[in-house]
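Here is a friendly walk through one model, from its overall build to its charged side chains. Please keep the structure open while you read.

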Amino acid sequence: MSSAAGVASGFLDASLSADAPAFRQAVMRRAAAAAAHPELPRRLQEKRARRQADEASKPLAAYRAEELAEMQRNFYGFDPSYHVARHHFVFQTPHSWTPRHLAVHRDLAWTVPQ
């Protein structure tokens, strides 16, 4: 999909020039307009309030602790799949099989969607 097609389909908000100086100029113009927008203070206050509410319901530190626990299992757990995947990534080895969730046609109960 080209950037023009992305804009036309609504997937992208805008497409800026491929010319570097024109691109920089367009970015500066958009940044200045965003900074000068009269709704900016209200939007920032709403964002602060949402962030405080999120932090009150579940602190960012809790997400960090959960992620570190998951990483601990990956690095030091009994399942070697992380290390195998890391090895294949580092050495850029091609996949030898299609993941089962992508190869639904291999499921014996699979039928062609009607």
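The report below starts with the ground rules and the fold, then turns to the salt bridges.

## Ground rules

This is a predicted model, in which local features need pLDDT of at least 70 and side-chain atom pairs count only at pLDDT 80 or more, while totals for chains, interfaces and linings use all residues. Residues are numbered from 1 along each chain as its sequence is written, and side-chain values use heavy atoms, with hydrogens and water left out.

## Overall build

Along the principal axes, the C-alpha atoms fill a box of roughly 55 × 40 × 40 Å.

## Surface and charge

Of the 114 residues, 3% count as buried; buried means under 20% relative accessible area, exposed over 50%, and partly exposed in between (1.4 Å probe, protein chains only). The accessible surface comes to about 10400 Å², and 62% of it belongs to carbon and sulfur atoms. These areas come from the Shrake-Rupley method with a 1.4 Å probe, and for residues only the protein chains shown count as cover.

There are 15 positive and 11 negative side chains, with the centres of the two sets 5 Å apart. Lys and Arg count as positive and Asp and Glu as negative, without His and the chain ends; each charge is placed at NZ of Lys, CZ of Arg, CG of Asp or CD of Glu.

## Salt bridges

The structure holds five salt bridges, each being a side-chain nitrogen of Lys or Arg within 4 Å of a carboxyl oxygen of Asp or Glu. One of them joins Arg 51 and Glu 55 at 3.2 Å, N to O. Both residues lie in helix 3 (residues 40-57), four residues apart, about one turn of the helix. Arg 51 is partly exposed at 39% relative accessible area, and Glu 55 is partly exposed at 31%.

Arg 42 pairs with Glu 39, their closest N and O atoms being 2.5 Å apart. Arg 42 is partly exposed at 41% relative accessibility, as is Glu 39 at 30%. Another salt bridge links Lys 58 to Glu 66, with the closest N and O atoms 2.9 Å apart. Salt bridges that share partners also join Glu 39, Arg 42 and Glu 46 into one network.

Key:
Helix = DSSP H or I, 4+ residues; strand = E, 2+ residues; numbered from the N terminus.
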